[in-house]
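Visitor: I am new to this structure and would like a close look at a single part of it. Please take me through that part slowly.

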Amino acid sequence: MSEIDDLRAVVEKLAARVHALEDQVEIMQLVAQYGPAVDSGSAEAAAALWTEDGTFDAVPHLRMRGRGDIVDMVEGGHQSLIRNGCGHVLTVPHIVVDGDEATGRSYALNIRWDAGADRFWVARVSANTWRWARTAQGWRITERINANLDGTPEHREMLAPPWQRPPSAPSSVPAGPARSLED
């Protein structure tokens with residue numbers, strides 16, 4: 001192999017790694033937009049994070065199908081949370097990109113204000129599994145499952161590495177790893 005061939009190989013490998021990093025950062029930014037969008041009451045902005053037919057299951061409370069359901073949630077019952085003071089805080093997800101699709105898992109916290117006690121309290125901690133797809137508008141959520149970490153074994157199992165998860169666990173994460181930054 002010539003020096004030029006070696007250089008080409010290095011550049012191609014670096015370009016692939018940069019592309020993988022760009023995908024992961026874009027997905028992280030997408031997830032980071034959710035809390036501020038819903039907590040500011042920006043229903044259309046929150047819904048735009050999903051594909052047109054994307055799903056959002058807030059287990060066991062609500063099943064949303066498509067952007068319209070997400071808009072309805074933000075403009076509906078979510079308004080009382082906003083008026084009383086709340087914050088949806090999502091952790092950085094673990095992301096596995098496989099071509100134009102990606103999967104992941106993370107935590108979400110629902111933090112609420114208690115004016116009488118002059119403090120915030122954690123009202124909900126949940127496990128999340130995600131599916132994302134690359135679209136013409138960039139990465140979008142195709143599926144989010146958000147389940148209370150209330151001792152239910154299946155909810156806790158959502159956080160396990162995909163290859164260690166029992167088949168009964170509600171999860172959108174595939175059984176094995178796809179592309180990582182080490183590839």
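Visitor: Which residues form a nonpolar patch on the surface, and what accessible area do they have together?

Guide: In this predicted model, the nonpolar patch on the surface is made up of Tyr107, Val122, Val125 and Leu149, which together have about 300 Å² of accessible area. One of these residues, valine 122, has its place in strand 6, which covers residues 119-135, and because its relative accessible area is 45%, between the limits of 20% and 50%, valine 122 counts as partly exposed.

Strand 6 also takes part in the largest pocket, where it is among the elements that give two or more residues to the lining, as are strand 5 and strand 7 (138-148). The space in this largest pocket comes to about 410 Å³, and of the 22 residues that line the pocket, Ala58, Leu81, His88, Asn110 and Arg124 are the closest to its centre. Strand 5 supplies the largest share of that lining, with four residues.

Strand 5 spans residues 101-114 and includes glutamate 101, which counts as exposed because its relative accessibility is 54%, a value over the 50% limit. Apart from neighbours within four places in sequence, glutamate 101 is in contact with Val96, Trp132, Ala133 and Trp139.

Technical notes. Residues are numbered from 1 along each chain as its sequence is written. This is a predicted model: local features need pLDDT of at least 70, side-chain atom pairs count only at pLDDT 80 or more; totals for chains, interfaces and linings use all residues. Side-chain values use heavy atoms; hydrogens and water are left out. Buried means under 20% relative accessible area, exposed over 50%, partly exposed in between (1.4 Å probe, protein chains only). Contact means heavy atoms within 4.5 Å. Patches are made of residues with over 30% relative accessible area and no salt bridge: like charges are joined within 9 Å, nonpolar side chains (Val, Leu, Ile, Met, Phe, Trp, Tyr) within 5 Å. Accessible areas come from the Shrake-Rupley method with a 1.4 Å probe; for residues, only the protein chains shown count as cover. A salt bridge is a side-chain nitrogen of Lys or Arg within 4 Å of a carboxyl oxygen of Asp or Glu. On a 1 Å grid over the protein atoms alone, a cavity is a set of points where a 1.4 Å probe fits but cannot get out, and a pocket is an open set with protein on both sides within 12 Å along at least five of seven lines; lining residues have an atom within 4 Å of a point. Grid points are joined across faces, edges and corners, and a volume is the space filled by probe spheres set on the points.
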